[in-house]
Amino acid sequence: VAAGPVLDPHLTQVFQVLTIFVFAPGVSGAIAHVEARLQGRRGPRVLQPYYDLAKLFRKETLVPEDASWVFLAAPVLAFTCYLIVPLLIPELTTYGLPLGYMGDILGGGFLLALAGFSVALAAAETNAPYAQLGSSRAMTFSALIEPSILFVTFAVALITTTDLPYAEAAASRASFASAIRPAHLLAVVAFFLVVLQDTGRIPVETHTSTLEFGMIDEARTLEHSGPALALLKWGSNMKQLILYVLLLNVFATPWGLAGSGRAGAVGLAVVIFIGKALGVGVLFTLIDNSFSKLRLFKITEFMAAAFLLAVLSVLVLFVGGGG
Amino acid sequence: MSSLMAAAGVSVPSTFSGVAEGLTVVVLLSEFAMLRAPLSRSQIRLYAFQSLTVTALAAYVAAAKHVPDLYILAGLSLALKVIIVPAVVLRLLRDARVELVASNRASVASMTLLAIVLAVFGIFVIGTLPVRSHSLPTAAFSLAGAVVLVAFVLVILRADVVSQAVGFFSLENGVSVASLVVAAGLPLVVEVAFLFDLLVAVVVFGVLMRVHHSRTATLSTDILDRLKG
């Protein structure tokens, strides 16, 4: 599609951020709706997350007695990080936009880690047992999944000799042989498991659960209220969509992105991306409905599996010379 | 190392070697899956799946490289390793009526990490051998070595008779993959001799399982450590 005027690259880049910003709650709502249907419930409306956010923004903010300014600053900082990451990743276009090379995979990873860290810090500050439990668990498990992310990054570095998400997407798009090379497939599956963990899905966490003992990520926000909670919820929706961008547009299916800056191509890329995100979201709900949650101390087995796949991906690259 | 990295960065393997390596990786991954599978029955099913992958690999090489001998090997391994051996072991297991044998000598995560370390060792050591094959990518040879080493971990760290049998059988799968790399045109007699070896092993392990179970009423080998009297 080469219709419409050529957009300013900066404008396209703003669209990348806006797509994540606007559609993130909607994608979560659609996934929740499908999930409810699969479980035989009618489920909430697709637009329910927007209503929830609107309600929370109108409510007052309550702060625990022991908390300092960090408690209120953390949601804003996390939200800002999630707004910056879409600038760095191939979300709508195949080519890098003006600020696209500002940070590589490590830069994006740092921003995501900073967001997670600030939320965990705010939770640790509250002096409330469940929030602190969630905070310490979230940090523990994100440290345990870190080796897998590192080895996926190594695999990307060996495949592309860079650590730019744009280069990895281009490398897997290059030919059929490069899309099915074992090293690439292993990295895709390893990263899929990482996303499963990072978005708080079964087998790691029941994301809809209200039982505090099983919570990891969810427990961190228990003490927040009002606009701060809205920002946290919106932020976690955006984080989910950002991880989908990385999984889909960098690793698994880097097709359907705009090759030019024309308005029609960019618009189509938005539609295709949302479609792909809904598709992978449905896949995640299917996994949610077919497996049971792992016991907390068995989660290391899941991490070991992700690590195994990521390590094998790097190994195959080394021994094959090109595997 | 730097030359390796450069090579990896530039060249993309052909579709043939991509698929062949992919199948070998699946063989290695199912070895890891056997290591963690809690039920003896699921271990045997995984072994059948692994054998099926080896069969598919042999058939794929036969088709792509025009080695008709390999079709015979693929057919034999399909009949023996995918159907007969798992069926016999499952039958023995059903007679033993033992569902779950608590047999891990270490936690699953530590077993996996240890196996990863060994696999890395095997892959690099075998990768340095100057073996160049015209039938399969060299990476498959290294991966086959890793399969053998992980099979040893399975035999050593899972203390039950079924794991030891399945570990030995799947070790043979690793050797089959290696033999596909080293000599796809290996005289068929040698390949069939390998398979015959496997049959002997099945008989031996079958007797072992029966005797062990009838004496100790369990499939766990932990009890053998204890002194009698």
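A: P203(A) sits in the loop between helix 8 (182-198) and helix 9 (226-252) of chain A; helices here are DSSP runs of H or I, at least four residues long, numbered from the N terminus. The bond joining I202(A) to P203(A) is a cis peptide, with omega about 10°. This is a predicted model, so local features need pLDDT of at least 70 and side-chain atom pairs pLDDT 80 or more, while totals for chains, interfaces and linings use all residues. Residues are numbered from 1 along each chain as written, chains are lettered from A and ligands numbered from 1 in written order, and side-chain values use heavy atoms, without hydrogens or water.

Chain A has another backbone feature at T161(A), where phi is positive, about 55°, although this residue is not a glycine. T161(A) lies in the loop between helix 5 (129-160) and helix 6 (165-173) of chain A. For background, most residues other than glycine have a negative phi, and most peptide bonds are trans.

Now for where the chains meet. Chain B gives 31 residues to the contact and chain A gives 27, counting heavy atoms within 4.5 Å. Together they bury about 2,400 Å², 80% of it on carbon and sulfur atoms; that's the accessible area (1.4 Å probe) lost on being put together, summed over both parts. There is one salt bridge between the chains, meaning a Lys or Arg side-chain nitrogen within 4 Å of an Asp or Glu carboxyl oxygen. R36(B) makes a salt bridge with E301(A), their closest N and O atoms 3.0 Å apart. On the chain B side, helix 1 (2-10), helix 2 (15-36), helix 5 (108-127) and helix 6 each give two or more residues. Helix 2 of chain B supplies the largest share, ten residues. By class, that side splits into 21 nonpolar, eight polar and two charged residues; Ala, Val, Leu, Ile, Met, Phe, Trp, Tyr, Cys and Pro count as nonpolar, Asp, Glu, Lys and Arg as charged, and the others, Gly among them, as polar.

Helix 6 of chain B (138-157) also packs on helix 7 (161-182) of chain B, at about 170° with axes 8 Å apart. Axes are lines fitted to C-alpha atoms over the stretch in contact, and angles run from 0 to 180 degrees between N-to-C directions. These two helices are therefore roughly antiparallel (over 145 degrees; under 35 would be roughly parallel). Their contact has 17 nonpolar, five polar and no charged residues.

Note on methods: Angles under 35 degrees count as roughly parallel, over 145 as roughly antiparallel, 65 to 115 as roughly perpendicular and the rest as oblique. Buried area is the accessible area (1.4 Å probe) that two parts lose on being put together, summed over both.
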